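Here's a quick walk through this chain, from the overall fold down to one side chain. Have the sequence and the model open side by side.

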Amino acid sequence: MADAATGNWLAYSAILAWPLVAIALYSTRPFAEASAWTVLGALLLLPSHVSIKFAMIPAIDKTSMATISLLIGCALAAPRLRQLSASNKWISCLAVVYVLSPVATSLLNNDLVTVGPRVLPGVGYYDGISALLSQSILFLPFLVGRRFLTRAGDLETLLGVLVLCALIYSLPMIFEIKFSPQLSMWIYGTFSAATSVEMRYGGFRPVVFMINGLAAAFFLSTAILATAAFWRVRGRVVNLPSAGIFSFLGLLLILCKSAGALVYAVLFGTLIRWFRPKLQMRVAVVLAILAISYPLLRMSNLFPTERLLELSATFNKERASSLGVRFDQEQKLLAHAADRFWLGWGRYGRSRVYDEYGQDISITDGQWIVTLGQFGFIGFIAQFGLLTVPIFFAARTLKFVRSQREAVFLSCLTLIVALTAIEQIPNASISSWSWLIAGALVGRSSAMRVEAASARRAASGRLDSVANVRRPASALSSV
């Protein structure tokens with residue numbers, strides 16, 4: 001994760017003013033739509049790596065401000081629900097572990113770590129509380145989605161906002177493809193990512209205000225998947241034909257020069273547009289299993305790293321070399337993480353690998369290895385479990401869907417959440433938006449189960465009433 005940067009006055013003003021934007025949204029738009037704009041808008045428009053830090057509280061940045069604004073919106077405009085969605089003990093347990101496990105990690109890592117001339121401080125009670133607050137702020141959108149985004153049209157609303165945001169964001173993305181990633185520097189006085197890193201094939205990958213070009217491309221690929229769902233149901237976004245939007249965003253994604261995001265869009269866009277929701281759910285479950293089991297596959301040498309390197313080399317030797325470095329770094333970090341396997345090393349660089357001179361030689365691109373090193377296998381299972389359990393939950397709920405349209409949007413969002421979990425293996429792009437859509441997936445799936453159970457009880461009651469009416473006539477005829 002990149003260190004915090006210093007922005008100009010506009011950067012800090014934009015962050016602090018975001019709750020006012022949220023209040024305006026919740027005052028004028030339906031709750032689900034306002035929530036999507038609040039969280040996704042903060043991700044796309046506020047500066048990355050810029051934060052305001054005070055002692056004893058987590059950094060105030062685009063992530064925490066999105067959550068704060070969302071909570072303000074809930075206080076102002078949260079719908080009054082007639083009934084709570086069905087509870088899920090697995091999700092509740094994982095949520096408790098996710099929030100509290102960093103405290104146990106910090107309390108067990110108060111020793112000094114010495115590597116050559118470098119001395120890494122121990123962490124303790126103070127850092128544990130700080131980590132708990134940070135985890136809670138990042139995770140709260142999940143709880144909001146689970147509690148309030150439970151209605152039949154909420155998932156379609158989230159996907160519609162995603163597509164519309166991509167259309168709006170396409171303008172600055174096209175600009176940066178042509179002129180290089182400069183908008184963050186011009187507007188906020190700070191680079192979101194190094195320009196040299198974003199150079200690809202004689203051009204540039206757009207970043208705009210996101211953490212890097214890979215995150216921007218992944219966002220665009222998920223919007224393409226959402227567009228495919230609207231195309232399938234012959235829906236329109238802002239009165240534009242979804243097939244045309246799909247083609248436009250697909251061309252823009254090609255210009256983003258990100259192979260992984262392009263593969264996501266081609267394979268899963270085809271799956272959403274042409275194949276049954278039931279098959280889509282099965283694919284999402286497979287992706288979820290792969291994401292949650294990846295550390296164990298790597299530690300047991302069951303993941304086919306050599307075959308992947310050979311396959312990659314047939315397309316691009318430079319990319320294959322980069323992938324080889326990534327696998328090598330993962331192996332070293334895994335070996336270090338194994339020394340404190342269950343609860344990890346804690347923060348402040350203790351989970352990283354250093355040479356005999358105390359120089360940091362680690363490359364930690366993937367969120368999974370960051371979480372595993374800092375908070376151990378328990379912390380990894382809690383975080384990735386919360387990302388993947390909603391997928392299993394939604395897959396089991398598909399049979400309760402009452403319309404083909406809702407089945408399409410449910411399976412589409414499930415695939416997006418599954419790809420978000422997969423994306424945390426090579427990269428670290430989890431955000432408040434990731435948690436909001438995962439929570440909404442749980443919320444709507446739970447509500448559908450409750451609705452199905454209510455329908456069964458109502459049907460059973462009607463049958464009993466009919467039987468009670470007919471019973472006296474039957475008795476009379478027998479006499």
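Of the 479 residues in the chain, 52% are buried (under 20% relative accessible area with a 1.4 Å probe, protein chains only; over 50% is exposed, and in between is partly exposed). This is a predicted model, where local features need pLDDT of at least 70 and side-chain atom pairs pLDDT 80 or more, while totals for chains, interfaces and linings use all residues. Numbering starts from 1 along each chain as its sequence is written, and side-chain values use heavy atoms, with hydrogens and water left out.

The chain has 16 helices and six strands, taken as DSSP runs (H or I, at least four residues, for helices; E, at least two, for strands) numbered from the N terminus. Its C-alpha atoms fill a box of roughly 100 × 50 × 50 Å along the principal axes. Among contacts (heavy atoms within 4.5 Å) with a separation of 6 or more, 77% join residues 24 or more positions apart.

Now zoom in on Q280, which sits in helix α11 (residues 277–299). Is Q280 buried or exposed? Q280 is buried, at a relative accessible area of 1%. Its side chain makes polar contacts (N or O atoms within 3.5 Å, one able to donate a hydrogen and the other to accept it; residues adjacent in sequence count only if both atoms are side-chain atoms) with two backbone oxygens:

| Backbone oxygen | Distance from the Q280 side chain |
|---|---|
| L271 | 3.3 Å |
| F275 | 2.8 Å |

Leaving aside neighbours within four places in sequence, Q280 also has R232, I272, S411, C412 and L415 among its contacts.
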